[in-house]
Amino acid sequence: MKLRHVSTSDLHKEKDHKRKESSEDTFDFNKIRNEIRDNWLKSEAASPDGARTKARYCCFTLQDAHREYLKPSANWHWLDRELSSNVAGETGAVHIYKGALAAMKVRPLSFSCSSDAADFAMEHVANESAHLRMFQAVVPHGKHTRLLPMWRAAGWVLGFFPTLLGGSKALYVTVESVETFVEEHFQEQIVPLKKQDSCPELLRLLEHCCEDEVHHKEDAERRLLNYQDISKGDSNYQKFDAWWVTPWSKIVRTSSTVAAEIARRI
């Protein structure tokens, strides 16, 4: 009996396929929308404007609360701001990979941008697109940042130029840096919601997305090191320590932090 050789790339594709199959169909989006609305109502009642809201509790229905929440003039509270930054971040992530794929088409043979990098970008752009669809399904359009066109452009540029100039290595360093920030960003939402024992279905969605982002980060690290064994305790692998890695990573993480804060406010 012949055994078919399964490459590391094939294994990643299989994992991403299973991850995609088990994502969007496993969440109750209506329940998440209700959790977000209820969280907004509680936050609104506890805010300086809450007296007005509390005074109307006696005649408020769920439909009234929903209409208040959806009004363009409605206040944004902590969870609204965080979810706005999530929509912006997933939008930027999708366009990072689109920019990288565009760079590979412009100069396919002039630098080290192998089919491995193209597979990497195509696998993860599908996953980030699924994340974006899920957040778009639960966050009302009126609570998206108004600067989404800027996030699309910034993401595309962040994927295009590093890949064009530095090849696959630059792409992997960029993704690893972005995903390191994103993991921390999701944890800043997951930890408070757990402490509040609030929004369980939303929490499950956030944990799912965070797990995916960690996978993206680790996949970029593995590819950057040519699939060497980087397991804990192994000190024999060859690090990728080009002079530009540390400053570029710092620029990417700082830019991501600033961008997320802007998305919370505008």
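Me: A cavity is a set of points on a 1 Å grid over the protein atoms alone where a 1.4 Å probe fits but cannot get out. Which residues line the largest cavity, with an atom within 4 Å of a point?

Reply: The lining of the largest cavity is made up of Ala93, Ile96, Tyr97, Glu128, Thr174, Val175, Val178 and Glu179. This is a predicted model, where local features need pLDDT of at least 70, side-chain atom pairs count only at pLDDT 80 or more, and totals for chains, interfaces and linings use all residues. Residues are numbered from 1 along each chain as its sequence is written, and side-chain values use heavy atoms, with hydrogens and water left out.

Me: How many cavities of 30 Å³ or more are there, and what is the volume of the largest?

Reply: There is 1 cavity of 30 Å³ or more in the structure. The largest cavity has a volume of about 50 Å³, a volume being the space filled by probe spheres set on the points, which are joined across faces, edges and corners.

Me: Which helices does the lining of that cavity come from?

Reply: Helices α5 and α7 each give at least two residues to the lining of the largest cavity; helices here are DSSP runs (H or I, at least four residues), numbered from the N terminus. The largest share, 4 residues, is from α7.

Me: And by class, how does the lining of the largest cavity divide?

Reply: The lining of the largest cavity has 5 nonpolar, 1 polar and 2 charged residues. Ala, Val, Leu, Ile, Met, Phe, Trp, Tyr, Cys and Pro count as nonpolar, Asp, Glu, Lys and Arg as charged, and the others, Gly among them, as polar.

Me: OK, helix packing. At what angle do α5 and α9 pack?

Reply: α5 (residues 78-106) and α9 (residues 245-265) pack at about 125°, and their axes are 7 Å apart. α5 and α9 are therefore oblique to each other. On the α5 side, the contact uses Arg81, Glu82, Ser84, Ser85 and Ala88, and on the α9 side Ala260, Ala263 and Arg264. That contact of α5 with α9 has 3 nonpolar, 2 polar and 3 charged residues.

Me: What are the cut-offs for those words?

Reply: Angles under 35 degrees are roughly parallel, over 145 roughly antiparallel, 65 to 115 roughly perpendicular, and the rest oblique. Angles run from 0 to 180 degrees between N-to-C directions, and axes are lines fitted to C-alpha atoms, for helices over the stretch in contact. Contact means heavy atoms within 4.5 Å.

Me: How are α6 and α7 packed?

Reply: α6 (residues 115-138) packs with α7 at about 25°, the axes being 11 Å apart. That makes α6 roughly parallel to α7. α6 brings Asp116, Ala117, Phe120, Glu128 and Phe135 to the contact, while α7 brings Ser168, Leu171, Tyr172, Val175, Glu179 and Phe186. By class, the contact of α6 with α7 has 7 nonpolar, 1 polar and 3 charged residues.

Me: Last pair. At what angle do α5 and α8 cross?

Reply: They cross at roughly 30°, and the axes of α5 and α8 (residues 200-224) come within 14 Å. That makes α5 roughly parallel to α8. Leu79, Leu83, Asn86, Glu90 and Tyr97 of α5 meet Leu202, Leu206, Glu213 and His216 of α8.

Terms used
1 Å grid on protein atoms, 1.4 Å probe; cavity = no way out; pocket = protein on both sides within 12 Å on 5 of 7 lines; lining within 4 Å.
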